[in-house]
Amino acid sequence: MRHSEDINKLVKGLMIESYIEDGSQKIGENIYGKSITDPCLGWEKSERLVLDIADLL
């Protein structure tokens, strides 16, 4: 948003899905901690992303 006035006007927020494990699985794979809907960031990547964003503020 800092690099483009157009993006700054259009984007008001974002959503990133996070879960225990990266990615997603098909129903029936029974992988604990992995989403069965949309692919998600795993815990480590989510933590890093939050900390990186906090450093930019």
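1. Let me start with how the chain folds back on itself: of the contacts in the protein with a separation of 6 or more, 13% are between residues 24 or more positions apart. Contact here means heavy atoms within 4.5 Å. Please keep in mind that this is a predicted model, in which local features need pLDDT of at least 70 and side-chain atom pairs count only at pLDDT 80 or more, while totals for chains, interfaces and linings use all residues. Residues are numbered from 1 along each chain as its sequence is written, and side-chain values use heavy atoms, with hydrogens and water left out.

2. On the overall layout, the protein has two helices and zero strands; these are DSSP runs numbered from the N terminus, with helices being H or I of at least four residues and strands E of at least two. The radius of gyration is 15 Å, well over the 10 Å that the globule rule gives for 57 residues, so the protein is more spread out than a compact globule. That radius is taken over C-alpha atoms, and the globule rule is 2.2 Å times the number of residues to the power 0.38. Along the principal axes, the C-alpha atoms fill a box of roughly 45 × 25 × 10 Å.

3. How much of the protein is buried? Of its 57 residues, 11% count as such, where buried means under 20% relative accessible area, exposed over 50%, and partly exposed in between (1.4 Å probe, protein chains only). The accessible surface comes to about 5,200 Å², and 59% of that belongs to carbon and sulfur atoms. These areas come from the Shrake-Rupley method with a 1.4 Å probe; for residues, only the protein chains shown count as cover.

4. Ser46 is worth a look in helix 2 (residues 43-56). Ser46 is buried, at a relative accessible area of 10%. Its side chain and that of Ser18 are joined by a polar contact of 2.4 Å. A polar contact is a pair of N or O atoms within 3.5 Å; within protein, one must be able to donate a hydrogen and the other to accept it, and residues adjacent in sequence count only if both atoms are side-chain atoms. Neighbours within four places in sequence aside, Ser46 is in contact with Ser18 and Leu41.

5. Gln25 sits in the loop between helix 1 and helix 2, and is buried, with a relative accessible area of 8%. Its side chain reaches two backbone nitrogens: that of Asn30 at 3.1 Å and that of Ile31 at 2.9 Å. Beyond neighbours within four places in sequence, the contacts of Gln25 include Lys34, Ser35 and Ile36.

6. Which residue forms a salt bridge with Lys45? The partner is Asp22, with the closest N and O atoms 3.1 Å apart. This pair links distant parts of the chain, 23 residues apart: Lys45 is in helix 2, and Asp22 in the loop between helix 1 and helix 2. A salt bridge is a side-chain nitrogen of Lys or Arg within 4 Å of a carboxyl oxygen of Asp or Glu, and by this rule the count comes to two.

7. Asp52 and Arg48 also form a salt bridge, their closest N and O atoms being 2.9 Å apart. Both residues lie in helix 2, four residues apart, or about one turn of the helix. Asp52 is partly exposed at 36% relative accessible area, and Arg48 is partly exposed at 42%.
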